[in-house]
Protein chains: 4
Amino acid sequence: MPSIDLNADVGEGFGAWSMGADEALLAYVTSANVACGFHAGDPSVIDRTVALAARAGVAVGAHPGFHDLRGFGRREMRVPAAEVESDVLYQVGALAAFAVTHGTGLRHVKPHGALYNQAADDAELAAAIARGVARVSRGLVLVGLAGSEVMRQAAAAAGLRYAAEAFVDRGYDARGRLVSRSRPGAVISDPAAAAEAAVRLARDHAVRTAEGGELAVKADTLCLHGDNPNALGVARAVREALERAGVSVRALAR
Amino acid sequence: MPSIDLNADVGEGFGAWSMGADEALLAYVTSANVACGFHAGDPSVIDRTVALAARAGVAVGAHPGFHDLRGFGRREMRVPAAEVESDVLYQVGALAAFAVTHGTGLRHVKPHGALYNQAADDAELAAAIARGVARVSRGLVLVGLAGSEVMRQAAAAAGLRYAAEAFVDRGYDARGRLVSRSRPGAVISDPAAAAEAAVRLARDHAVRTAEGGELAVKADTLCLHGDNPNALGVARAVREALERAGVSVRALAR
Amino acid sequence: MPSIDLNADVGEGFGAWSMGADEALLAYVTSANVACGFHAGDPSVIDRTVALAARAGVAVGAHPGFHDLRGFGRREMRVPAAEVESDVLYQVGALAAFAVTHGTGLRHVKPHGALYNQAADDAELAAAIARGVARVSRGLVLVGLAGSEVMRQAAAAAGLRYAAEAFVDRGYDARGRLVSRSRPGAVISDPAAAAEAAVRLARDHAVRTAEGGELAVKADTLCLHGDNPNALGVARAVREALERAGVSVRALAR
Amino acid sequence: MPSIDLNADVGEGFGAWSMGADEALLAYVTSANVACGFHAGDPSVIDRTVALAARAGVAVGAHPGFHDLRGFGRREMRVPAAEVESDVLYQVGALAAFAVTHGTGLRHVKPHGALYNQAADDAELAAAIARGVARVSRGLVLVGLAGSEVMRQAAAAAGLRYAAEAFVDRGYDARGRLVSRSRPGAVISDPAAAAEAAVRLARDHAVRTAEGGELAVKADTLCLHGDNPNALGVARAVREALERAGVSVRALAR
């Protein structure tokens with residue numbers, strides 16, 4: 001019986017600003033990636049969000065990003081590797097303390113935005129992230145883009161378990177990278193299309209590219225974006241379709 | 001044989017900016033309070049500073065402050081108690097991760113600047129700080145202003161050990177509060193005067209006030225400020241005078 | 001024929017976060033207070049917001065706040081007067097440049113949140129704000145809480161025109177201060193009640209307090225909050241009621 | 001008689017942190033580039049620094065950077081052009097207000113750090129900077145790297161006067177770009193070497209490269225770095241050598 005994890009980025013508010021419908025989304029996923037304060041998510045937001053995830057029985061992960069509140073961590077930056085390592089250690093360490101006090105451990109770490117995208121192709125950056133995570137705990141699972149050998153090897157070198165992530169609501173190019181958000185076909189907001197993509201990913205380990213081709217993608221976890229215009233509709237459709245197709249939806253193993 | 005801890009605030013740089021002579025100062029103290037990123041101390045600075053303290057055999061503590069980089073955490077602010085609790089939990093959690101990875105545990109937590117000063121007289125704020133610390137670990141020691149019953153009781157209510165702190169390089173008023181930095185007599189930069197004050201505090205549990213009176217002060221730890229114009233001279237004189245007077249200088253017990 | 005200005009706080013998004021329905025709200029007001037980047041409103045938001053206001057023919061004002069993004073400028077802070085003066089000058093100077101390039105001048109300055117509230121009763125703070133504004137231009141109108149002699153005198157001392165502001169969607173206490181947002185009766189979200197309060201303020205110079213009493217309030221401008229749960233309904237009702245009552249709704253004179 | 005401007009980056013402190021010896025350095029230069037708050041320089045620092053420059057009779061310019069306090073604006077970032085334009089407009093507008101209130105106008109704008117370096121080769125970025133500056137005033141002079149046609153053309157397209165800048169205390173590569181600070185030969189701290197380079201630049205329009213070659217460089221202004229280990233010694237030597245060589249040292253013409 002095939003199995004897959006469903007994850008979502010949550011806790012992306014800051015101060016007076018909120019973003020996404022975390023509580024509703026947490027009903028459909030098995031893993032939550034909680035923003036750690038550098039691109040979103042102040043400590044009050046983190047405290048509330050980890051409490052919500054723990055109560056929902058969802059595995060709690062850290063979602064560290066570049067120190068870029070203004071750009072929501074989505075702007076490409078050149079940051080020295082040693083600095084990235086310390087920044088990841090800081091953010092993951094802080095998140096771990098919240099996860100522990102809410103009675104659940106920290107399960108995984110998934111880099112956010114530009115940090116995630118750059119690390120898929122930058123071995124030095126990926127190694128810095130993995131070292132930062134491993135310095136908090138070797139028991140954490142590092143999540144990276146399915147198809148990125150760079151991230152997989154960085155996790156292995158740091159002694160971390162690794163989980164490959166695919167996207168059911170984002171378009172893929174022929175190289176297996178996500179279509180830029182500024183391009184057409186970048187975001188899939190039709191629940192049925194996303195649900196079909198999820199089942200194909202979980203069962204057949206394949207995805208259809210924006211160009212119409214077929215791409216082999218072996219994923220351990222599927223991401224559901226909360227900022228999708230129809231996020232909850234997509235989440236419900238994906239979850240139901242996976243269960244109907246006999247896929248076991250469960251969090252990443254420690 | 002009387003004993004006392006000597007502590008210093010360290011890691012107060014940020015990005016391209018440095019402050020204080022941490023490495024030299026660490027040779028004279030037994031406890032280091034490391035800034036946690038909210039008023040000073042980015043993750044790179046924290047990483048380097050905790051490494052220095054660990055190598056020097058100095059007990060590592062967290063020094064959380066208000067989220068106020070511009071004001072170095074010295075500006076009085078009215079922050080809701082729940083927010084302070086989450087902020088302290090976040091900062092202490094992050095620092096603890098650095099302390100662990102550098103092979104030493106986190107020993108204590110001392111609030112910084114306005115957070116420290118306000119908490120000495122504000123029971124709700126003190127309780128929020130203590131809860132934030134206790135949610136990371138009940139094994140941490142909370143440090144507060146000697147003479148503040150508010151802080152002592154907050155620590156007790158949260159199940160934390162408590163250490164009372166006195167200052168050898170700051171003037172006291174008749175109430176046992178520090179003379180404001182904007183007033184004359186606020187900072188004592190004469191090494192001999194500071195050394196004498198240290199010995200009196202450690203041995204006789206007393207301090208002379210700025211008004212010339214005598215005040216009973218029972219302290220477990222003495223603070224040496226790194227931003228004192230003659231910080232290293234003061235630190236050396238204090239350490240030597242204490243040892244000459246037969247006072248055992250050692251870190252706070254866990 | 002009585003006349004009054006209607007103002008709203010706009011441009012309160014930041015980075016990826018948005019707040020309020022600025023474009024719709026601008027159809028009902030004659031003055032816009034644009035956040036300046038310290039509590040909300042990054043330069044991209046400011047650029048777009050000033051463009052919207054200019055296109056709508058609404059007078060553009062600056063809405064400077066404390067340097068407190070996390071607390072949205074609503075947390076009480078003790079900031080040295082010289083620092084407040086420089087901070088106001090910086091924010092108003094920046095806003096003025098946007099107003100000029102969008103073909104409209106900067107008309108007025110209204111402090112935000114805690115800065116506004118504290119200045120109503122703190123003469124030193126009010127004077128610092130007024131000096132900061134006057135250093136950009138003596139032609140600007142300073143807006144403060146109706147009933148605050150402190151702000152009126154600070155404006156006069158700095159050579160600035162002054163406009164007194166009242167609130168149609170906030171409750172008043174017997175002293176003429178706003179009921180704290182944490183108390184019941186703080187926010188009035190019923191359009192009819194707000195519209196009635198607006199007409200009474202504009203025509204009769206009076207307001208009913210939360211305690212049920214009557215208070216004389218002489219206002220030059222009325223504030224409509226965009227974060228009111230029913231902000232647009234309130235705005236439309238207020239505007240229509242004022243015009244029906246024969247009140248001329250127009251921006252503050254330079 | 002050849003003439004040249006000497007400029008320095010000043011006002012690079014922030015909050016409790018200071019950097020450089022601005023007051024001493026201002027005695028040797030004719031133009032000051034004042035940090036605008038995004039990579040350094042809070043409003044209090046700006047107020048003091050512009051006052052110092054005005055009193056010293058030095059032309060005041062704005063030194064806008066990326067919104068990156070942590071990285072001091074030195075980290076390469078990919079920021080959308082529209083965002084850069086608004087950010088430059090904001091920073092230059094704020095600085096202009098300080099320059100006016102201190103009785104001197106704003107003369108020039110020189111981008112800082114990574115923004116400056118990236119713009120030398122990125123036409124879209126250079127155009128965004130130039131538009132941001134021109135929206136404040138067409139009377140401002142835009143300063144860019146000597147040899148960068150991209151910046152020269154961006155200034156021309158925006159209707160701005162342009163000044164080419166060369167460096168007397170930084171090494172050049174054969175392409176006319178600065179040697180990266182992480183490489184040997186990046187920083188020249190010997191006063192005599194810097195003074196000789198200054199005279200050659202001002203009189204012969206040439207510079208010796210790190211590789212030992214000769215490069216034609218036509219510069220209108222020479223930069224003296226305040227963070228050079230021997231900044232004041234270099235500044236004095238350069239100024240004296242230029243005057244001894246009969247070069248007229250004066251600010252950029254409006």
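Predicted model: local features only at pLDDT ≥ 70, side-chain atom pairs only at ≥ 80, totals over all residues.
The residues lining the second largest pocket divide into 13 nonpolar, 10 polar and 17 charged.

## Pockets

Stay with the second largest pocket for a moment. It holds about 1,100 Å³ of space. Its lining counts 40 residues. Those nearest the centre are A:Arg74, A:Asn117, A:Arg170, A:Ser180 and A:Arg181. Four elements of chain A give two or more residues each: strand E1 (3-10), helix H1 (22-25), helix H4 (113-119) and strand E6 (161-167). The largest share, 5 residues, comes from H4(A).

Now turn to the largest pocket. About 1,200 Å³ of space lies in it. Its lining takes in 47 residues. D:Arg74, D:Gly113, D:Ala114, D:Asn117 and D:Arg181 lie nearest the centre. Which elements each supply at least two residues of this lining? They are helix H2 (43-55) of chain B, together with helix H1 (22-25) and helix H4 (113-119) of chain D. H4(D) gives the most, with 5 residues. By class, the lining of the largest pocket has 14 nonpolar, 13 polar and 20 charged residues.

## Cavities

Rolling a probe the size of a water molecule over the atoms shows where empty space is left. In this model the count comes to 6 cavities of 30 Å³ or more.

The largest cavity has a volume of about 1,100 Å³. It is lined by 45 residues. Closest to its centre are A:His67, A:Leu69, B:Leu69, C:Leu69 and D:Leu69. The lining of the largest cavity splits into 21 nonpolar, 11 polar and 13 charged residues.

The second largest cavity has a volume of about 50 Å³. Its lining is made of C:Gly65, C:Phe66, C:His67, C:Val79, C:Val84, C:Asp87, C:Val88, C:Gln91 and C:Leu115. Helix H3 (residues 81-101) of chain C gives the largest share of that lining, 4 residues. The classes there are 5 nonpolar, 3 polar and 1 charged.

## How chains A and B are related

Two copies of a chain are related by a rotation about an axis and a shift along it. Here, a rotation of 180 degrees superposes chain B on chain A, with 0.0 Å of shift along the axis and an RMSD of 0.0 Å. The two copies are therefore related as by a two-fold rotation axis. In chain B, the C-alpha nearest that axis belongs to B:Ala94, and it lies 2.1 Å away.

The contact itself takes 20 residues from chain B and 20 residues from chain A. Of the interface residues of chain B, 100% are also interface residues in chain A, so the copies meet through the same surface.

## Two interfaces

The size of an interface is often given as the accessible area lost when the parts come together.

| Chains | Residues in contact | Buried area | Carbon and sulfur share | Salt bridges |
|---|---|---|---|---|
| B and A | 20 from chain B, 20 from chain A | about 1,700 Å² | 60% | 2 salt bridges |
| C and B | 10 from chain C, 10 from chain B | about 1,100 Å² | 43% | 4 salt bridges |

Between chain C and chain B, C:Glu83 forms a salt bridge with B:Arg75. The closest N and O atoms of this pair are 2.5 Å apart.

A:Arg250 sits in the segment after strand E10 (248-249) of chain A. What does A:Arg250 touch, not counting residues up to four places away in sequence? It touches A:Ser3, A:Ile4, A:Asp5 and A:Thr30. A:Arg250 and A:Ala155 are 95 residues apart in sequence. In space, these two are 22 Å apart, C-alpha to C-alpha.

Note on methods
Residues numbered from 1 in each chain as written. Chains lettered and ligands numbered in written order. Heavy atoms only, no water. Least-squares fit on C-alpha atoms with pLDDT ≥ 70 in both. Contact = heavy atoms within 4.5 Å. 1 Å grid on protein atoms, 1.4 Å probe; cavity = no way out; pocket = protein on both sides within 12 Å on 5 of 7 lines; lining within 4 Å. Points joined across faces, edges and corners; volume = space filled by probe spheres on them. Nonpolar A, V, L, I, M, F, W, Y, C, P; charged D, E, K, R; others polar. Buried area = accessible area lost by both parts, 1.4 Å probe. Salt bridge = Lys/Arg side-chain N within 4 Å of Asp/Glu carboxyl O.
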